[in-house]
Amino acid sequence: MAIDVSKAKKLCICKNCPSYFECGEKLAYCFLGKSKCIKQEVGCICPGCPVEKEINSTKEYYCTRGSNKELSGGVKK
Ligand code: SF4
Ligand code: SF4
(Lines give C-alpha, C1' and ligand atoms only; values in the text may rest on other atoms or scores of the structure.)
(Ligands and ions follow the chains in the order given, each with its own letter.)
Protein backbone atom coordinates (compact mmCIF):
# COMPACT_ATOMS: atom_id res chain seq x y z
CA MET A 1 0.00 0.00 0.00
CA ALA A 2 1.46 3.29 -1.08
CA ILE A 3 -0.22 5.41 1.53
CA ASP A 4 -0.30 5.22 5.30
CA VAL A 5 -2.87 6.34 7.79
CA SER A 6 -1.18 9.64 8.67
CA LYS A 7 -1.10 10.67 5.03
CA ALA A 8 -4.68 9.53 4.57
CA LYS A 9 -5.79 11.68 7.51
CA LYS A 10 -4.37 14.76 5.81
CA LEU A 11 -6.04 13.99 2.49
CA CYS A 12 -9.36 12.81 3.89
CA ILE A 13 -12.32 14.87 2.65
CA CYS A 14 -14.95 13.43 4.99
CA LYS A 15 -15.45 16.82 6.62
CA ASN A 16 -17.08 18.01 3.40
CA CYS A 17 -19.42 15.04 3.23
CA PRO A 18 -23.17 15.34 3.91
CA SER A 19 -23.04 12.24 6.14
CA TYR A 20 -20.18 13.59 8.21
CA PHE A 21 -20.88 14.49 11.78
CA GLU A 22 -18.24 16.29 13.81
CA CYS A 23 -17.66 14.53 17.10
CA GLY A 24 -13.94 14.85 17.57
CA GLU A 25 -13.05 11.59 15.89
CA LYS A 26 -9.86 10.88 14.01
CA LEU A 27 -10.27 10.89 10.26
CA ALA A 28 -9.67 8.40 7.51
CA TYR A 29 -12.41 5.88 8.23
CA CYS A 30 -11.16 3.85 5.28
CA PHE A 31 -8.17 3.02 7.49
CA LEU A 32 -9.60 3.31 10.99
CA GLY A 33 -12.99 1.72 10.45
CA LYS A 34 -16.44 2.67 11.62
CA SER A 35 -17.37 5.92 13.25
CA LYS A 36 -19.03 5.87 16.65
CA CYS A 37 -21.20 8.86 15.82
CA ILE A 38 -21.99 8.77 12.09
CA LYS A 39 -25.03 6.57 11.69
CA GLN A 40 -26.94 7.93 8.72
CA GLU A 41 -25.84 7.36 5.16
CA VAL A 42 -26.91 10.46 3.28
CA GLY A 43 -24.18 10.51 0.66
CA CYS A 44 -20.51 9.57 0.53
CA ILE A 45 -17.81 11.54 -1.24
CA CYS A 46 -15.07 8.93 -0.84
CA PRO A 47 -15.15 8.17 -4.58
CA GLY A 48 -13.80 11.71 -5.11
CA CYS A 49 -11.05 11.40 -2.51
CA PRO A 50 -7.42 10.99 -3.58
CA VAL A 51 -6.94 8.32 -0.90
CA GLU A 52 -9.34 5.92 -2.62
CA LYS A 53 -7.10 5.85 -5.65
CA GLU A 54 -4.04 5.23 -3.52
CA ILE A 55 -5.59 2.27 -1.75
CA ASN A 56 -7.10 0.90 -4.94
CA SER A 57 -10.61 0.97 -3.62
CA THR A 58 -13.94 2.08 -5.02
CA LYS A 59 -15.94 1.45 -1.86
CA GLU A 60 -18.06 3.90 0.08
CA TYR A 61 -19.31 4.55 3.58
CA TYR A 62 -16.29 3.37 5.52
CA CYS A 63 -17.64 5.44 8.42
CA THR A 64 -20.74 3.26 8.73
CA ARG A 65 -19.60 -0.01 7.17
CA GLY A 66 -15.98 -0.43 8.23
CA SER A 67 -12.44 0.07 7.00
CA ASN A 68 -11.29 -0.89 3.55
CA LYS A 69 -9.59 -3.94 5.04
CA GLU A 70 -12.74 -5.02 6.83
CA LEU A 71 -14.87 -4.49 3.75
CA SER A 72 -12.39 -6.45 1.66
CA GLY A 73 -12.78 -9.39 4.02
CA GLY A 74 -9.29 -8.94 5.46
CA VAL A 75 -10.23 -8.38 9.08
CA LYS A 76 -13.36 -9.55 10.84
CA LYS A 77 -14.77 -7.59 13.75
S1 SF4 B 1 -11.56 7.55 1.13
FE2 SF4 B 1 -13.13 8.49 2.44
S3 SF4 B 1 -12.64 7.85 4.53
FE4 SF4 B 1 -10.85 7.49 3.24
S5 SF4 B 1 -9.60 9.29 3.45
FE6 SF4 B 1 -10.89 9.62 1.66
S7 SF4 B 1 -12.73 10.68 2.36
FE8 SF4 B 1 -11.68 9.84 4.17
S1 SF4 C 1 -16.62 7.72 4.85
FE2 SF4 C 1 -17.82 8.46 3.13
S3 SF4 C 1 -19.90 8.68 4.04
FE4 SF4 C 1 -18.46 8.59 5.72
S5 SF4 C 1 -18.02 10.72 6.21
FE6 SF4 C 1 -16.42 9.95 4.81
S7 SF4 C 1 -17.09 10.57 2.80
FE8 SF4 C 1 -18.84 10.68 4.14
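Predicted model: local features only at pLDDT ≥ 70, side-chain atom pairs only at ≥ 80, totals over all residues.

Student: Which residues come nearest to ligand 2?

Tutor: There are 13 residues around ligand 2, and C14, C17, S19, C44 and C63 come nearest.

Student: What makes up the shell around ligand 2, by class?

Tutor: Eleven nonpolar residues, one polar and one charged. Cys counts as nonpolar in this scheme.

Student: Why is I45 called partly exposed?

Tutor: I45 has 16 other C-beta atoms within 10 Å. Buried needs 20 or more and exposed means 12 or fewer, so a count in between is partly exposed. I45 sits in the loop between α2 (29-32) and α3 (50-54).

Student: What does I45 touch beyond its sequence neighbours?

Tutor: Leaving out residues up to four places away in sequence, I45 touches I13, N16 and C17. I45 and C14 are 31 residues apart in sequence, with their C-alpha atoms 7.1 Å apart.

Student: Which residues touch the most other members of the largest nonpolar core?

Tutor: That core has 16 residues, and A8, C12, C14, A28, Y29, C30 and V51 touch the most other members. The elements giving two or more residues to this core are α2 and α4 (62-65), and α2 gives the most, with three.

Student: And what does Y29 touch?

Tutor: Not counting residues up to four places away in sequence, Y29 touches C14, K34, S35, Y62, C63 and S67.

Definitions and conventions
Residues numbered from 1 in each chain as written. Chains lettered and ligands numbered in written order. Helix = DSSP H or I, 4+ residues; strand = E, 2+ residues; numbered from the N terminus. Contact = placed C-beta atoms within 7 Å. Near = placed C-beta within 6 Å. Core = buried A, V, L, I, M, F, W, Y, C linked by C-beta atoms within 7 Å.
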